[in-house]
Amino acid sequence: MPVSLNDEQATLSGYVEINDAEVLHGWLVDQTDPVVDVSACTSAHTAVVQLLVLAAPRIIGAAESGDWRRLLQPPFAFQTTPSEN
């Protein structure tokens with residue numbers, strides 16, 4: 001199964017298809033501080049990549065990949081910054 005979800009993190013592996021985007025989205029919405037492990041993910045449908053960029057969860061396993069997964073982390077991905085009020 002390309003998407004494995006539990007209370008602590010989502011783990012993506014192999015090729016993550018567009019059908020998995022809906023399940024992943026629901027999980028991301030329900031989490032207060034989502035963590036997604038992409039270390040075993042070889043590729044993903046662009047809808048899944050866009051979801052990860054937009055949701056901006058903490059991504060693990062991307063920095064050491066040296067491929068497209070690095071784009072999910074700063075300075076490439078959108079970054080949220082605390083509001084200064």
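Colleague: Hi! Which residue in strand 4 is the bridge partner of Val36?

Modeller: That would be Ile59. Bear in mind that this is a predicted model.

Colleague: Noted. How do strand 3 and strand 4 pair, parallel or antiparallel?

Modeller: Strand 3, residues 35–44, runs parallel to strand 4, and the pairing goes over three bridges.

Colleague: And what holds paired strands together in a sheet?

Modeller: Strands of a sheet pair through backbone hydrogen bonds, which can be parallel or antiparallel.

Colleague: What order do the strands have in this sheet?

Modeller: The order is 1-2-3-4, in an open sheet of four strands with mixed pairing. Strand 1 (3–5) and strand 4 (58–60) are at the edges with a single partner strand each, so one side of each has no neighbour in the sheet. On average, neighbouring strands are turned by 25 degrees against each other, direction ignored.

Colleague: Which helix packs on the sheet, touching strand 2, strand 3 and strand 4?

Modeller: Helix 2, residues 46–55, does that. The direction of helix 2 makes about 155 degrees with that of strand 3.

Colleague: Let me stay with helix 2. Which of its residues are buried?

Modeller: Val48, Leu51, Leu52 and Val53 are buried there. Their cover includes strand 2, helix 1, strand 3 and strand 4.

Colleague: What about Ala55?

Modeller: Ala55 also lies in helix 2, but it counts as partly exposed because its relative accessibility is 33%. The C-alpha atoms of Ala55 and Asp67 are separated by 20 Å, with the two residues twelve apart along the chain.

Colleague: What follows helix 2?

Modeller: Ala56 follows helix 2, and its phi is positive, near 50 degrees.

Colleague: Now the other helix. Which residues of helix 1 are buried?

Modeller: In helix 1, which covers residues 19–30, the buried ones are Asp20, Ala21, Leu24, Trp27 and Leu28. They lie on the same side of helix 1 because they cover an arc of only 130 degrees around the axis.

Colleague: Which exposed residues sit on the face turned away from that buried side?

Modeller: Asn19, Glu22, Val29 and Asp30 are the exposed residues carried by that face of helix 1.

Colleague: And what covers the buried residues of helix 1?

Modeller: The cover includes strand 1, strand 2, strand 3 and helix 2.

Colleague: Change of topic: where does Gln73 lie?

Modeller: Gln73 is in the segment after strand 4. Its side chain reaches the backbone oxygen of Ile59 at 3.0 Å. The side chain of Gln73 also reaches the backbone nitrogen of Ala63, at 3.2 Å.

Colleague: Ile59 again, the partner of Val36! Which residues is Gln73 in contact with, leaving aside neighbours within four places in sequence?

Modeller: With that exclusion, Gln73 is in contact with Ile59, Ala62 and Ala63.

Colleague: Could you zoom out for me? How many helices and strands does the chain have?

Modeller: There are two helices and four strands. Starting at the N terminus, the elements run β-β-α-β-α-β.

Colleague: How does the radius of gyration fit a compact globule?

Modeller: The chain has 12 Å, which agrees with the value near 12 Å that a compact globule of 85 residues would have. The C-alpha trace spans about 45 × 30 × 20 Å along its principal axes.

Colleague: Last one: what percentage of the residues is buried?

Modeller: Buried residues make up 33% of the 85 in the chain. As for contacts with a separation of 6 or more, 51% are between residues 24 or more positions apart.

Note on methods. Residues are numbered from 1 along each chain as its sequence is written. This is a predicted model: local features need pLDDT of at least 70, side-chain atom pairs count only at pLDDT 80 or more; totals for chains, interfaces and linings use all residues. Side-chain values use heavy atoms; hydrogens and water are left out. Two strands pair if DSSP finds at least two bridges between them. Axes are lines fitted to C-alpha atoms, for helices over the stretch in contact, and angles run from 0 to 180 degrees between N-to-C directions. Contact means heavy atoms within 4.5 Å. Buried means under 20% relative accessible area, exposed over 50%, partly exposed in between (1.4 Å probe, protein chains only). The arc is that of the directions from the helix axis to the C-beta atoms. A polar contact is a pair of N or O atoms within 3.5 Å; within protein, one must be able to donate a hydrogen and the other to accept it, and residues adjacent in sequence count only if both atoms are side-chain atoms. The radius of gyration is taken over C-alpha atoms; the globule rule is 2.2 Å times the number of residues to the power 0.38.
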